[in-house]
Amino acid sequence: MKATVTDACIGCGLCPQVCPDVFEMDDKDRAIVKVTPVPQALQPLCREAVTVCPVNAIELEE
């Protein structure tokens with residue numbers, strides 16, 4: 001699985017709270033993906049991060 005954060009990100013910080021092993025905030029307070037591909041063990045949390053994103057800025061490619 002590959003995760004991508006789009007330009008729609010508003011920097012709310014929810015995705016790194018839900019899945020800190022995959023997402024972090026950059027120096028512009030936008031979420032970025034730390035690891036590609038997403039390890040199998042982290043995929044459920046990554047999917048949860050997608051559901052909590054208030055602007056649907058996370059895309060997953062299986």
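Biologist: Which residues touch the most other members of the largest nonpolar core?
Modeller: In this predicted model, they are Cys19, Val22, Phe23, Val38, Cys46, Ala49 and Ile58, out of 17 residues in that core.

Biologist: Which helices and strands each supply at least two residues of this core?
Modeller: Strand 1, helix 1 (14-18) and helix 2 each do. In soluble globular proteins, nonpolar side chains tend to be buried together.

Biologist: Take Ile58. What is Ile58 in contact with, leaving aside neighbours within four places in sequence?
Modeller: Thr4, Val5, Cys15, Phe23, Ala49, Val50 and Cys53. Val5 is also the bridge partner of Ile58, which sits in strand 4.

Biologist: How many bridges join strand 1 and strand 4, and in what sense do they pair?
Modeller: Four bridges, in the antiparallel sense; strand 4 covers residues 58-61.

Biologist: Which residues of strand 1 are on the covered face, and which on the uncovered one?
Modeller: Ala3 and Val5 make up the covered face, Lys2 and Thr4 the uncovered one. In a regular strand the side chains alternate between the two faces of the sheet.

Biologist: Stay with Ala3. Why does Ala3 count as buried?
Modeller: Because its relative accessibility is 5%, and buried means under 20%. Ala3 belongs to strand 1, residues 2-5.

Biologist: What does Ala3 contact, leaving aside neighbours within four places in sequence?
Modeller: Phe23, Val33, Val38, Cys46, Glu59 and Leu60.

Biologist: Now Gln43. Where does Gln43 lie, and is Gln43 buried or exposed?
Modeller: Gln43 lies in helix 2, which covers residues 43-52. Gln43 counts as buried because its relative accessibility is 10%, again under the 20% cut-off.

Biologist: What does Gln43 touch, not counting residues up to four places away in sequence?
Modeller: Met1 and Val38. Val38 is also one of the contacts of Ala3, and Val38 is among the core residues that touch the most other members.

Biologist: How much space lies in the largest cavity, and which lining residues are closest to its centre?
Modeller: About 90 Å³. The lining has 16 residues, and the closest to the centre are Cys9, Cys12, Cys15, Ala31 and Cys53. Cys15 and Cys53 are also among the contacts of Ile58.

Biologist: How does the lining of the largest cavity divide into nonpolar, polar and charged?
Modeller: There are 14 nonpolar residues, two polar and no charged.

Conventions:
Residues numbered from 1 in each chain as written. Predicted model: local features only at pLDDT ≥ 70, side-chain atom pairs only at ≥ 80, totals over all residues. Heavy atoms only, no water. Buried < 20%, exposed > 50% of the residue type's maximum accessible area, 1.4 Å probe, protein only. Contact = heavy atoms within 4.5 Å. 1 Å grid on protein atoms, 1.4 Å probe; cavity = no way out; pocket = protein on both sides within 12 Å on 5 of 7 lines; lining within 4 Å. Points joined across faces, edges and corners; volume = space filled by probe spheres on them. Nonpolar A, V, L, I, M, F, W, Y, C, P; charged D, E, K, R; others polar. Core = buried A, V, L, I, M, F, W, Y, C linked by side-chain atoms within 4.5 Å. Pairing = 2+ DSSP bridges.
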